[in-house]
Amino acid sequence: MPTEKPRFTITVSEKMLTEIDDFRYENRYPTRTQAVNELFRVGLNAIRKQIEEKTENDAKGL
């Protein structure tokens, strides 16, 4: 099924692929793409939160 969304390719180790597939099946994502998108979303949100906390701590002089 064609899509208009941008595409790109990544290379992962066998171990990481297994972890992605385990995450996919444990959380019942129908495709790897959906599972990886969720992992990206969660990871990016965590990084944003870390940056916000660091910025707040820097502003407080901590």
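Predicted model: local features only at pLDDT ≥ 70, side-chain atom pairs only at ≥ 80, totals over all residues.

1. A definition is required for what follows: a residue counts as exposed when its relative accessible area is over 50%, as buried when that area is under 20%, and as partly exposed in between. With a relative accessible area of 62%, Phe8 is therefore exposed.

2. On the overall fold, the chain contains two helices and zero strands. Its radius of gyration is 16 Å, whereas the globule rule gives 11 Å for 62 residues; the former is well over the latter, so the chain is more spread out than a compact globule. Along the principal axes, the C-alpha atoms fill a box of roughly 50 × 30 × 20 Å.

3. On burial and surface, 10% of the 62 residues count as buried. The chain exposes about 5,900 Å², and 56% of this area is supplied by carbon and sulfur atoms.

4. On charge, the chain carries 11 positive and 11 negative side chains. The centres of these two sets lie 3 Å apart.

5. How many aromatic pairs does the structure hold? There are two aromatic pairs. In one of them, the ring centres of Phe8 and Phe40 are 6.5 Å apart and the planes meet at 15°, so the pair is stacked.

6. Planes under 30 degrees apart are what the term stacked requires. Tyr29 has a relative accessible area of 23% and is partly exposed.

7. A last point concerns Thr11, which is located in the segment before helix 1. Is Thr11 buried or exposed? Its relative accessibility is 76%, so Thr11 counts as exposed. Thr11 and Arg28 are 17 residues apart along the chain, and a distance of 23 Å separates their C-alpha atoms.

Definitions and conventions:
Residues numbered from 1 in each chain as written. Heavy atoms only, no water. Helix = DSSP H or I, 4+ residues; strand = E, 2+ residues; numbered from the N terminus. Rg over C-alpha atoms; globule rule 2.2 N^0.38 Å. Buried < 20%, exposed > 50% of the residue type's maximum accessible area, 1.4 Å probe, protein only. Areas by Shrake-Rupley, 256 points an atom, 1.4 Å probe, with all protein chains shown as cover. Lys, Arg positive; Asp, Glu negative; His and termini not counted. Charge placed at Lys NZ, Arg CZ, Asp CG, Glu CD. Phe/Tyr/Trp six-rings, centres within 6.5 Å; stacked < 30°, edge-to-face > 60°.
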